[in-house]
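Biologist: I would like to learn how to read a protein model. Could you take me through it feature by feature?

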Amino acid sequence: MSKKEELVEKLIKTIIAEEGGIVDENGIKKIKDPSGVMAIKTKTVRVQSWGDKGVYLTQATSVEETPRMGCGVMELDGTGSLDWTLTYDEYDYVIDGILEIQVDGRSVIGTEGDIIYIPKGTHVVFNTPSSTRYAYFAYPIDAVEEIL
């Protein structure tokens, strides 16, 4: 990282801190209240390639921050899918695009603003006809952390 980039990063972190927020090691902006209430700015979550072709994700919270429940952001770019058996309960909130959850030959489809629940132990295929960005919320987080 150049000195100019380091200066810009330091400036951004200072501005965010003055607004009552922090930027974590992944560049995710979070506003944390002493009570434990936290706002995660999903627009600041930058996903990274994960496993299969066309699958990207970033875990937005750590076990230290939220010891029982976790969340992150996932994207599918339409070039692949994710075949998965969940070892935890999960809610998926569709931020953008179309999220298709295939289970036992059937499809549950969510579009922007929809929430999809997937119970622990369910075998699914995450798919999209074009692209999608969604937030996932999983319980318990330690089951998710073992995978990531």
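Modeller: What follows covers a core, some strands and an aromatic pair. This is a predicted model, in which local features need pLDDT of at least 70, side-chain atom pairs count only at pLDDT 80 or more, and totals for chains, interfaces and linings use all residues. Residues are numbered from 1 along each chain as its sequence is written, and side-chain values use heavy atoms, with hydrogens and water left out.

Biologist: Which residues have the most contacts inside the largest nonpolar core?

Modeller: In soluble globular proteins, nonpolar side chains tend to be buried together. A nonpolar core is a set of buried Ala, Val, Leu, Ile, Met, Phe, Trp, Tyr and Cys residues joined through side-chain atoms within 4.5 Å. Buried means under 20% relative accessible area, exposed over 50%, and partly exposed in between (1.4 Å probe, protein chains only). Here the largest core has 21 residues, and Leu99, Val124 and Phe126 have the most contacts inside it. Among the elements that each supply at least two of its residues are β11 (123-127) and α2 (141-147). β8 gives the most, with four residues. Helices (H or I, at least four residues) and strands (E, at least two) are DSSP runs, numbered from the N terminus.

Biologist: What does valine 124 touch?

Modeller: Contact means heavy atoms within 4.5 Å. Leaving out residues up to four places away in sequence, valine 124 touches Leu82, Asp83, Trp84, Leu86, Ile101, Gln102, Val103 and Ile118.

Biologist: How many bridges join β7 and β11?

Modeller: Two strands pair if DSSP finds at least two bridges between them. β7 and β11 pair in the antiparallel sense over four bridges; threonine 85 has histidine 123 in β11 as its bridge partner. β8 and β11 are also antiparallel, over three bridges, and glutamate 100 is partnered by asparagine 127 in β11.

Biologist: How many aromatic pairs are found in the whole structure?

Modeller: Rings of Phe, Tyr and Trp (its six-membered ring) pair if their centres lie within 6.5 Å; planes under 30 degrees apart count as stacked, over 60 as edge-to-face and the rest as tilted. The search finds three such pairs. One of them is tilted: tyrosine 91 and tyrosine 117 lie 5.0 Å apart centre to centre, with 45° between the planes. This pair links distant parts of the chain, with tyrosine 91 in β8 (residues 89-103) and tyrosine 117 in β10 (residues 115-118), 26 residues apart.

Biologist: Is tyrosine 91 buried or partly exposed?

Modeller: Tyrosine 91 is partly exposed, because its relative accessible area is 41%. Tyrosine 117 is partly exposed, with a value of 41%.
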